[in-house]
Amino acid sequence: MAGHEITFEPDDRYNAFLTTCRKVPHGPGELAGIAVAVKDNISTKGIETTCASKILKGYIPPYDAHVVELLRQSGAAIVGKTNMDEFGMGTTTENSAFGPTLNPGDIGRVPGGSSGGSAAAIAGGMVRMALGTDTGGSIRCPAAFCGIVGLKPTYGRVSRYGLIAYANSLEQVGPMGQTVTDVSTLMGVIAGHDRRDSTSHNKPYTHTPRAGIKGLKIGIPQEYFGVGVDPEVAAVVNKAIGRLEELGATTVPCSIPSMEYALAAYYVTCTCEASSNLARFDGVRYGPAADTKKSWHDAFREVRRAGFGTEVRRRILLGTYALSSGYYGKYYAKAQIARENVKKDFARIFSEVDVIAGPTMPTIAFKLGEKSDPLSMYLSDILTVPANLAGIPAISVPCGKAEGMPVGLQIMGRPGEDERVIDVAYTFEQAVT
Amino acid sequence: MATEQEVNHIAELADVSINTEELVPFTHQFNAILDYFDILDRVSGDTAVTRDLYNVMREDLVEPSLPQEDVLRNAPAQEDGFIKAPRVM
């Protein structure tokens with residue numbers, strides 16, 4: 001079967017792609033000849049990989065990420081690299097050094113982020129499936145805003161080898177697609193053990209989605225319908241949950257008190273990890289050249305000021321500050337306690353219910369430029385970060401519209417029960433389409 | 001509250017520069033975020049414990065790695081098969 005190739009010439013009016021490959025050879029396999037897009041923070045051998053940052057402009061990875069190796073082995077045609085918030089830092093895909101991606105449903109709005117290019121490429125009909133990454137909602141938010149399906153897998157089910165790290169303890173590579181079946185198929189290709197990722201579980205995914213949720217217990221956390229959640233969005237999601245009840249599930253009200261601290265815990269943790277991870281970008285091994293005649297501090301500072309965008313520098317500074325002498329106990333140590341409390345709350349709720357449901361995002365897609373204040377952008381992640389702090393699987397599936405824009409229903413499950421959240425999403429999708 | 005001088009100092013520690021015209025809005029936003037983080041002062045609970053975690057080790061053996069020319073390909077400055085870096089002293 002060698003010698004097959006597809007031609008990819010999309011009309012990329014949404015700026016979903018940073019790089020496209022016109023002629024793409026592919027082998028046989030489960031995804032033979034299917035066009036798959038890959039987020040630009042996932043290493044692709046021989047294809048430029050920038051994390052949407054000027055500091056990696058021109059960087060061509062000498063190796064494939066584990067998930068990309070698996071895609072190639074499955075016959076997938078990797079047709080391009082998708083736009084994102086620089087290094088994954090954002091909720092809108094406006095923080096790209098190469099211009100924002102537009103929402104295919106309304107080009108005056110953002111696609112969500114940070115995997116906004118992957119979501120727009122799918123919603124805009126350019127590819128059937130794509131890889132994204134989710135550190136605090138970066139798969140689920142754009143899936144919700146663009147009206148597609150996206151899964152953040154259980155932490156450890158998908159290898160992070162070759163993912164350019166932003167916040168290692170939180171992030172996962174995950175599948176995005178037009179349908180739950182596509183997402184499940186892609187998950188089957190990318191999940192499994194990889195010894196090059198020391199946090200990898202040996203838990204392959206071999207599931208086929210099954211409809212049927214009779215007797216399923218669904219927890220409905222009050223915090224997911226509280227202050228800050230747009231009443232129209234809440235109404236659409238409530239109706240979807242009503243549909244799940246009609247299909248045989250029972251709902252149980254519950255509460256996640258640790259949510260009060262979850263967002264701060266998340267932002268302290270991810271900025272601390274970022275300040276360490278992003279130290280490697282100094283213009284020596286890759287990226288724009290550091291002036292080797294200058295002292296190394298001066299040379300690095302120059303490269304990093306020119307190469308990093310504002311939000312990336314902000315997060316590096318926040319993390320450096322939070323970890324600096326005298327502040328570690330106030331910020332990082334407290335954030336880890338809060339993170340543990342989130343895990344405990346989920347464990348308690350999951351001893352009584354099978355899954356937890358709520359909105360993916362508190363609002364519909366923002367207008368371009370609407371979230372210019374960083375803190376107000378951070379606050380919009382409140383419903384997605386708990387799953388990352390706890391390492392649990394969470395999916396976003398389209399469940400209706402508010403003001404003409406898509407709304408996502410989020411289903412979270414016990415650690416390792418990605419199959420169950422897929423089945424619940426599939427049951428819902430089959431019932432409404 | 002972090003002062004503009006402190007923000008500049010942190011930027012120096014992190015080898016990230018802040019332009020003069022950015023400093024005022026940057027410090028303002030920085031403080032708004034730190035104020036929000038203060039909510040963590042109220043967190044109570046056990047010192048973080050790590051459950052279900054164990055170290056993953058392997059034997060310290062040489063394994064196949066990338067050829068030197070592939071590793072050097074992205075380095076902007078090279079000399080005699082080495083990556084050239086700014087002077088440290």
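Q: Which elements make the right-handed β-α-β unit in chain A?
A: This is a predicted model, and in it E4(A), helix H1 (residues 66-73) and E5(A) form that right-handed unit.

Q: OK, and how many bridges join E4(A) to E5(A)?
A: Five, with the two strands running parallel. E5 covers residues 77-82 of chain A, and Ala77(A) in E5(A) sits opposite Ala35(A).

Q: Which strand pairs with E4(A) over three bridges?
A: That's E6(A), residues 129-134, again in the parallel sense. Across that pairing, Val36(A) stands opposite Met129(A).

Q: How many residues of E4(A) are buried?
A: Five of its five, so to speak the strand (residues 35-39) is mostly covered.

Q: Which way do the side chains go, then, and are they buried or exposed?
A: Ala35(A), Ala37(A) and Lys39(A) point one way, while Val36(A) and Val38(A) point the other way. They are all buried, Lys39(A) included.

Q: Switching to chain B: what pattern does it follow along the sequence?
A: It reads α-α-α-β-β, with three helices and two strands in chain B.

Q: What radius of gyration does chain B have?
A: Chain B has 22 Å, whereas a compact globule of 89 residues would be near 12 Å. The C-alpha trace of chain B spans about 50 × 45 × 25 Å along its principal axes.

Q: And what share of chain B counts as buried?
A: 17% of its 89 residues.

Definitions and conventions
Residues numbered from 1 in each chain as written. Chains lettered and ligands numbered in written order. Predicted model: local features only at pLDDT ≥ 70, side-chain atom pairs only at ≥ 80, totals over all residues. Buried ≥ 20, exposed ≤ 12 C-beta atoms within 10 Å, placed from the backbone. Helix = DSSP H or I, 4+ residues; strand = E, 2+ residues; numbered from the N terminus. Pairing = 2+ DSSP bridges. Right-handed = clockwise from strand over helix to strand, strands pointing away. Rg over C-alpha atoms; globule rule 2.2 N^0.38 Å.
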